[in-house]
Amino acid sequence: MLSKPYLTVLNLLMCGQRVIDMGASKMIIAGMFPLGCFPAHVLAAFPANYTPSYDEHRCSNDLNNLSITHNDQLRWGVQQLSQEHQNVTILYGDYYNAFRRLLKNAPRFGFNATFDVKTTCCGIGRRYNFNPRKMCGHRGVPVCSNPDTYVIWDGLNLTQKANRLLARWLIRTTISHI
């Protein structure tokens, strides 16, 4: 644990405390997705002349390391909160690894394997079919014909199918602890 946790982690833990103070007996505090796998974050974080290092899914290691640090701090904080409130079930929701599992097995789950799984369903131009100046919803920005073959909806959000798969996996892996 770092000596100074991220402010976002402290805010999440304070929100958890407030929910407990209101009477919650069970809760899941969700971690962060791997930011380096989302086109909007990758394209916004790096200047055009910078080449970030990538992992096997072509996700930015730099941004994913930020997510890992955040999640490690949050997991530690969830453990501390659980120790302070032993009568409350507090679980950590591991979105990072759930999403990585989805990327690794994307073709098996029915996502299109002919293009990078980080390509957006709703978008236009540029890498990953994502242009921050012409986002989904703008005039002339098309939507793919079959969103169920895409993981990423618009560069920032997942498609309904991807969200459904992540939710099922998270529920299956945490429900036994509740």
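1. The model is predicted, so local features need pLDDT of at least 70, side-chain atom pairs count only at pLDDT 80 or more, and totals for chains, interfaces and linings use all residues. Residues are numbered from 1 along each chain as its sequence is written, and side-chain values use heavy atoms, with hydrogens and water left out.

2. The whole structure holds three disulfides (a disulfide is a pair of cysteine sulfur atoms within 2.5 Å). With bonded cysteines counted along the chain, their pattern is 1-2, 3-6, 4-5.

3. Cys-37 and Cys-59 are joined with their sulfur atoms 2.1 Å apart. The S-S torsion of this pair is about 115 degrees, so the disulfide is right-handed. Both Cys-37 and Cys-59 are buried (buried means under 20% relative accessible area, exposed over 50%, partly exposed in between, with a 1.4 Å probe and protein chains only).

4. Cys-121 is bonded to Cys-144, S to S 1.9 Å. Here the torsion about the S-S bond is about -85 degrees, so the disulfide is left-handed. Cys-121 and Cys-144 are buried.

5. In the disulfide of Cys-122 and Cys-136 the sulfur atoms are 1.9 Å apart. Cys-122 is buried at 2% relative accessibility, whereas Cys-136 is partly exposed at 26%.

6. The axes of helix H1 (residues 7-21) and H3 come within 9 Å and cross at roughly 25 degrees (helices are DSSP runs of H or I, at least four residues, and strands are runs of E, at least two, numbered from the N terminus; axes are lines fitted to C-alpha atoms, for helices over the stretch in contact, with angles from 0 to 180 degrees between N-to-C directions; contact means heavy atoms within 4.5 Å).
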